[in-house]
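Biologist: I would like to understand how this fold is put together. Could we work through it by question and answer?

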Amino acid sequence: MTTMKRKSSPSSKELKSSKIDQFFAVKQKKIATANTKSSLTRKLTAENLNCEYYHLFNALEAGQIFDTLEKTVVYNTGATAKIQIYGKWVDIPRKQAAYGDPGLHYTFSGNTLPAKAWLPCIADIKKKVEAALDDKWIFNFVLVNRYKDGTDYMGEHRDDESDLERTAPIASVSFGQERDFVFRHKDARGKNKTRHDLTVVKTTLANGSLLVMYPPTNEFWYHSLPVRKRAAAPRINLTFRLMVKK
Ligand SMILES: O=C(O)CCC(=O)C(=O)O
C-alpha cells in the first residue's frame, strides 16, 4: 500500500490557482448583487406626478441588448425624421424609429409614424417590462430614440396625444449613456406661470433602467431629456405605449 505524503505548504502553482478561484468568486458575487438590485424600485411622486423607477437589466444584459439594438433598429430618414415646431419643419435632434402591432401609427408634432413589425430583441424587452408590471398592461407600440451623445436631446413635451390609451402607463427603458430627465408642471412653465410652489422634478435614467409614467403624469407634467455636453456616449431609449386601436 502506498501512502501519499501531505504537503506542508501550497506550491506556487496551487497559490496561483486559489487566487484565480477567489477572483471568480468575487466576480460571481458582484453579478449576483447586480441581479438582486434589478428588482429594487423607487417611487417618484409630486402633485399629479406618479412614476416608478426600476433597475430592470444588469450591466451585462444591458450591454448585450444595446449592441443588438445598434445592429437591428432601422431609424427613420427623410420626412419621417422631421417634426413641426411653430409651423416649421425641422430635423429631430436624435434618431427615431417606431415598432408595434400591425396597422398602428403614432401622430405627434405634425408627423405620423407607422409601426414597423416587432423586432425579436424589442419583443423580449417588452415581455420583461410587462412582467415587471405584473402583466397588467400589454403594450402594442414602442417609440425608439437614439441619442448619439449629449448634444442630442428631446425638448419638453407631454405624451398626451389622443392616439394613446389614457388609462395606461408609458414604460421608458434606457440603454447606454446615463442621462438626466426633467419633469416640469404645465402651470409652472414660462413667464405666465401660475404655480410657483411646484419645482422641477429631476432624475437620472441609468443603463438598463425602467421609468414607468402612470396617469395622470402626462396630463399635468412636461418631460424632457436636456442637452448634456459632457455625456459622451450614445444612448437608446424605448418608450412602450398602449395605442387606441381605431
Ligand atoms: O429618451 C428619453 O428618455 C425621453 C423619451 C421621451 O420623452 C418620449 O419618447 O416621449
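Modeller: We begin with a definition: the expected span of a helix is 1.5 Å times one less than its number of residues. Please keep in mind that this is a predicted model.

Biologist: How far apart are the end C-alpha atoms of helix α3, residues 120-132?

Modeller: Helix α3 has 13 residues, and at 1.5 Å a residue these should span 18 Å.

Biologist: Within what arc do the buried residues of α3 fall, seen down its axis?

Modeller: A residue is buried if 20 or more other C-beta atoms lie within 10 Å of its own. In α3 the buried residues are I122, I125, K126 and V129. They line one face of the helix, because seen down the axis they fall within an arc of 105°.

Biologist: Which exposed residues does the opposite face of α3 carry, the one turned away from its buried side?

Modeller: The buried residues of α3 are covered by elements including α2, β5, β8, β10, β13 and β15. The face turned away from that buried side carries the exposed residues P120, A123 and A131.

Biologist: Which strands are the edges of the open sheet?

Modeller: Seven strands form the open sheet, with antiparallel pairing, in the order β1-β2-β13-β10-β15-β8-β5. An edge strand pairs on one side only, and this holds for β1 and β5.

Biologist: At what angle does α3 run to β15?

Modeller: Helix α3 lies across β2, β5, β8, β10, β13 and β15. Its direction relative to β15 is about 60°.

Biologist: Which residue takes a positive phi in the hairpin of β1 and β2?

Modeller: This hairpin has two residues between its strands. The residue with a positive phi, near 60°, is N48.

Biologist: Is Y222 buried or partly exposed?

Modeller: Y222 belongs to strand β14, residues 221-225. Among its contacts beyond four places in sequence are E156, H157 and R158. Since 19 other C-beta atoms lie within 10 Å of Y222, this residue is partly exposed.

How values were computed:
Residues are numbered from 1 along each chain as its sequence is written. This is a predicted model: local features need pLDDT of at least 70, side-chain atom pairs count only at pLDDT 80 or more; totals for chains, interfaces and linings use all residues. Helices (H or I, at least four residues) and strands (E, at least two) are DSSP runs, numbered from the N terminus. A residue is buried if 20 or more other C-beta atoms lie within 10 Å of its own, exposed if 12 or fewer, and partly exposed in between; C-beta atoms are placed from the backbone. The arc is that of the directions from the helix axis to the C-beta atoms. Two residues are in contact if their C-beta atoms, placed from the backbone, lie within 7 Å. Two strands pair if DSSP finds at least two bridges between them. Axes are lines fitted to C-alpha atoms, for helices over the stretch in contact, and angles run from 0 to 180 degrees between N-to-C directions.
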